[in-house]
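Here is a short briefing to read with the model open beside you. Take a look at the fold, then work through the topics below.

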Amino acid sequence: MTQSVPHEVLLLFIALGVVYLAECFGRLRPGQVAVEQRAFGGWKLHTDGWFFRSPLPGGLLFVLDGWRLGASELAAYAETPHAVRARKPSGWGWRRAPWDKQEILVRHDEVRVGGALFFRGETPARARALARALARLRRAGNPARERSKWIAEALDAEAAKGRADEVGKAATPVGVASALWAGWLLLITVLLLRDFRWIQAWPLFLIGGLALYSAVVLLYWRAHRRIHPDAASDRRQQVIALALSPLGAIRAPDRLSRDALADHHALACALALLKGPALDAVARAALIEVLHPAIEPWQPHKPELAADRADFLAFVAPSIRAATSELDPDRLVIPDPPPNPEQRAYCPRCFADYRADVPQCDDCGGLALSRWPSASQAD
Ligand SMILES: [Zn+2]
């Protein structure tokens with residue numbers, strides 16, 4: 001006869017299940033893009049908000065923080081001397097040495113130049129990528145040429161594909177170990193729930209479990225060193241977090257890959273990994289970012305920085321357009337026409353539909369609306 005499972009054990013399993021489900025949720029901020037490889041399928045695109053990641057181990061998850069290449073902080077970054085002037089804080093640190101002689105430091109998600117905060121990346125990997133590029137632009141004899149090279153590299157879809165493959169290869173041993181670890185936890189759960197006498201075999205469970213769990217943590221450390229060789233302090237933090245979260249270890253592979261494409265533009269990653277409507281969505285966002293940028297609230301107060309941003313967008317737009325040439329960029333940046341286009345207008349950025357007599361889109365900072373061709377011809 002089987003013994004019934006004590007209440008406490010059931011409660012423990014329920015608590016562990018809740019922690020696991022929390023691990024399966026990924027949080028994305030607006031403007032980020034996540035590309036996920038299902039265990040036995042192709043790549044899938046997530047945009048902003050909550051999403052439920054595949055609960056099965058295997059597959060990879062990349063979060064493309066760098067997709068707003070045309071955004072203000074990157075414009076500032078491409079025009080670093082201006083940006084430093086515009087953001088120069090009062091303080092002795094900045095008087096000590098000219099900006100291009102000061103040390104560039106990354107602390108978690110912050111890039112610091114000469115001790116002062118220069119900008120904040122969306123993630124530590126993004127901050128490291130920005131710091132690398134900043135150092136490179138600063139060293140360059142000809143910053144304008146270096147900037148073109150940097151943009152071409154960020155938009156190189158083959159390089160993004162190569163990096164994704166390299167990350168996939170480095171993450172495979174972690175994926176195998178974490179899948180075995182998940183299977184082990186599942187096996188124990190089923191055995192204990194079926195017949196509680198199994199608990200007498202706990203030394204066996206403990207030794208087997210410890211061996212698998214240590215393998216996940218150790219392999220994670222090795223793979224992280226391969227994928228992010230310049231992120232020692234980040235690695236330490238992550239390995240400690242992993243060593244304290246047995247359920248988090250099931251998701252180890254996508255922790256590993258999450259930020260691994262930070263050096264590449266989201267468009268390059270999408271061209272490398274996605275197709276069909278998912279690719280169109282990223283390409284549209286990248287085009288709109290450079291062709292119809294939102295009018296930001298800070299712009300009137302920082303005209304110099306706003307001018308840098310406009311210059312940068314104009315500079316990068318042809319490269320973005322060229323990268324999307326096979327997708328028909330003109331089609332991507334126009335919404336589907338409404339039933340009676342001549343009485344309507346649309347926002348070229350968010351595609352909101354308006355009456356023809358409304359002048360601007362307030363959601364996009366007061367951007368001028370576009371009118372449907374038939375409406376202009378009627379004038
Ligand atoms: Zn709008």
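A residue counts as buried if 20 or more other C-beta atoms lie within 10 Å of its own, as exposed if 12 or fewer do, and as partly exposed in between, with C-beta atoms placed from the backbone. On that basis, 33% of the 379 residues in the protein are buried. This is a predicted model, in which local features need pLDDT of at least 70 and side-chain atom pairs count only at pLDDT 80 or more, while totals for chains, interfaces and linings use all residues. Residue numbers start from 1 along each chain as its sequence is written.

**Confidence**
- The predictor's confidence in each residue, pLDDT, runs from 0 to 100; the protein averages 81, and 85% of the residues score at least 70.
- Over residues 69-96 pLDDT stays under 50, and the model has 47 contacts there beyond four places in sequence; a contact means C-beta atoms, placed from the backbone, within 7 Å.
- Where pLDDT is low, the predicted coordinates should not be read in detail.

**Overall make-up**
- The protein has 15 helices and 13 strands, taken as DSSP runs numbered from the N terminus (helices: H or I, at least four residues; strands: E, at least two).
- Of the contacts with a separation of 6 or more, 63% join residues 24 or more positions apart.

**The three-stranded sheet**
- An open, antiparallel sheet is formed by three strands in the order β3-β2-β5, where pairing requires at least two DSSP bridges between two strands.
- β3 (43-46) and β5 (61-64) are the edge strands, each pairing on one side only.
- From one strand to the next the twist averages 20°, with axes fitted as lines to C-alpha atoms and angles running from 0 to 180 degrees between N-to-C directions.
- Four bridges link β2 (residues 33-37) to β3 in the antiparallel sense, and Ala34 stands opposite His46 in β3.

**Helix α7**
- Helix α7 covers residues 157-194; at 1.5 Å a residue its 38 residues should span 56 Å, and its end C-alpha atoms are 51 Å apart, which agrees. The expected span is 1.5 Å times one less than the number of residues.
- α7 bends by about 40° at Ala171, with Pro173 following within four residues; the bend is the angle between axes fitted to the seven residues ending there and the seven starting there.
- Its buried residues include Ala171, Val174 and Trp181.
- Among the elements covering the buried residues of α7 are β5, α8 (202-227), α10 (252-257) and α11 (266-273).

Methods
Contact = placed C-beta atoms within 7 Å.
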